[in-house]
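Biologist: I would like to go through this model with you, one question at a time. Shall we begin?

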Amino acid sequence: MKRNLQIKELFLKHFDRAKTELKFNNLYELIVCVMLSAQCTDKRVNLITPKLFKAYPDIKSLANANLSSLKTYIQSCSFFNNKAQNLIKMAQAVCNDFNEEIPLDEEKLKSLAGVGQKTAHVVLIEWCGANLMAVDTHVFRVSHRLGLSKAKTAQATEEDLIKIFKDELNHLHQAMVLFGRYTCKAKKPLCKECFLSHLCQSKDKEIELD
């Protein structure tokens, strides 16, 4: 469909090889950041992680972390109680089942506590440049506003986007995240500044009246 191709080309043009805004130095830090970012802003995660990684610099130290102590480092993050438990369980599984090496296989990643499909895909997209799509709240909203999907779940939306775009999914995922975060916002989308405005048929599009 010509319109979908135009949308893809414009995303890739305006967000040239976009990368996550999460700050990390290695694969261990990446998976922790992505787990913390669920229903939490990247900005908040980036404020939390410097002290967190100083206290727990590697997977082994995280596996041996005291739960109460770990919570003090991430308590400003949403759902910090569950996330603290999952972080320790994830690290323990990596140490016990994968010889302290975080697996770069989707199914093995998803076997870890707190790692669902979206988290696994984001890790593989950011670390390996994998041709995968991950659907967070921004990608879900943008997909529906642009008429790329009418699916009611993130996974079904992901399937729609894969069928439409096929390749360069890693760059498109991050482009859609940034676009949803800063332009196509949940409240008061910046429609007048939007490079996709002419292709958008959203009912909540802000239309300037004569």
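Modeller: One definition before we start: contact means heavy atoms within 4.5 Å. Keep in mind that this is a predicted model.

Biologist: How many residues of domain 1 are in contact with residues of domain 2?

Modeller: Start with the division of the chain. Domain 1 covers 1–17 + 133–199, and domain 2 covers 27–128. Their centres, taken over C-alpha atoms, are 27 Å apart. Seven residues of domain 2 take part in the contact, and on the side of domain 1 the number is 10.

Biologist: What is the area buried between domain 1 and domain 2?

Modeller: The size of an interface is often given as the accessible area lost when the parts come together. Here, carbon and sulfur atoms give 50% of that area. The total between domain 1 and domain 2 is about 670 Å².

Biologist: Which residues meet in a salt bridge at 3.2 Å, N to O?

Modeller: A salt bridge needs a side-chain nitrogen of Lys or Arg within 4 Å of a carboxyl oxygen of Asp or Glu. The count between domain 1 and domain 2 is one salt bridge. At 3.2 Å, the side chains that meet are those of Asp 42 and Arg 181.

Biologist: Which element gives the largest share of the side of domain 1 that touches domain 2?

Modeller: Three residue pairs are in polar contact across this interface. On the side of domain 1, the elements giving two or more residues are α10 (154–165) and α11. The largest share is four residues, and it comes from α11.

Biologist: Which residues are linked with Arg 181 in a network of salt bridges?

Modeller: Arg 181 and Glu 21 meet through their side chains at 2.6 Å, N to O. Arg 181 lies in helix α11 and Glu 21 in the loop between α1 and α2 (27–36), so this pair ties together parts 160 residues apart in sequence. Asp 42 also meets Arg 181 in a salt bridge. The partners of Arg 181 in the network are therefore Glu 21 and Asp 42.

Biologist: Is Glu 107 buried or exposed?

Modeller: Glu 107 meets Lys 110 in a salt bridge of 3.6 Å, N to O. Both lie in helix α7, three residues apart, about one turn of the helix. Exposed means over 50% relative accessible area. Glu 107 has 52%, so it counts as exposed.

Biologist: What does Lys 110 count as, with a relative accessible area of 29%?

Modeller: Lys 110 also meets Glu 106 in a salt bridge, at 3.7 Å, N to O. Those two are four residues apart in helix α7 (residues 106–110), about one helical turn. Buried means under 20% and exposed over 50%. At 29%, Lys 110 is partly exposed.

Biologist: Why is the pair of Phe 11 and Phe 179 edge-to-face?

Modeller: The structure holds seven aromatic pairs. For Phe 11 and Phe 179, the ring centres are 5.3 Å apart. Planes over 60 degrees apart count as edge-to-face. This pair is edge-to-face because its planes are at 85°.

Biologist: Which residues form one aromatic cluster?

Modeller: Phe 11 lies in helix α1 (residues 2–14) and Phe 179 in helix α11 (residues 169–182), so their pair ties together parts 168 residues apart in sequence. Phe 11 is buried, and so is Phe 179. The cluster is formed by Phe 11, Phe 15, Phe 179 and Phe 195.

How values were computed:
Residues are numbered from 1 along each chain as its sequence is written. This is a predicted model: local features need pLDDT of at least 70, side-chain atom pairs count only at pLDDT 80 or more; totals for chains, interfaces and linings use all residues. Side-chain values use heavy atoms; hydrogens and water are left out. Rings of Phe, Tyr and Trp (its six-membered ring) pair if their centres lie within 6.5 Å; planes under 30 degrees apart count as stacked, over 60 as edge-to-face and the rest as tilted. Buried means under 20% relative accessible area, exposed over 50%, partly exposed in between (1.4 Å probe, protein chains only). Domain bounds come from an automatic or database domain assignment. Buried area is the accessible area (1.4 Å probe) that two parts lose on being put together, summed over both. A polar contact is a pair of N or O atoms within 3.5 Å; within protein, one must be able to donate a hydrogen and the other to accept it, and residues adjacent in sequence count only if both atoms are side-chain atoms.
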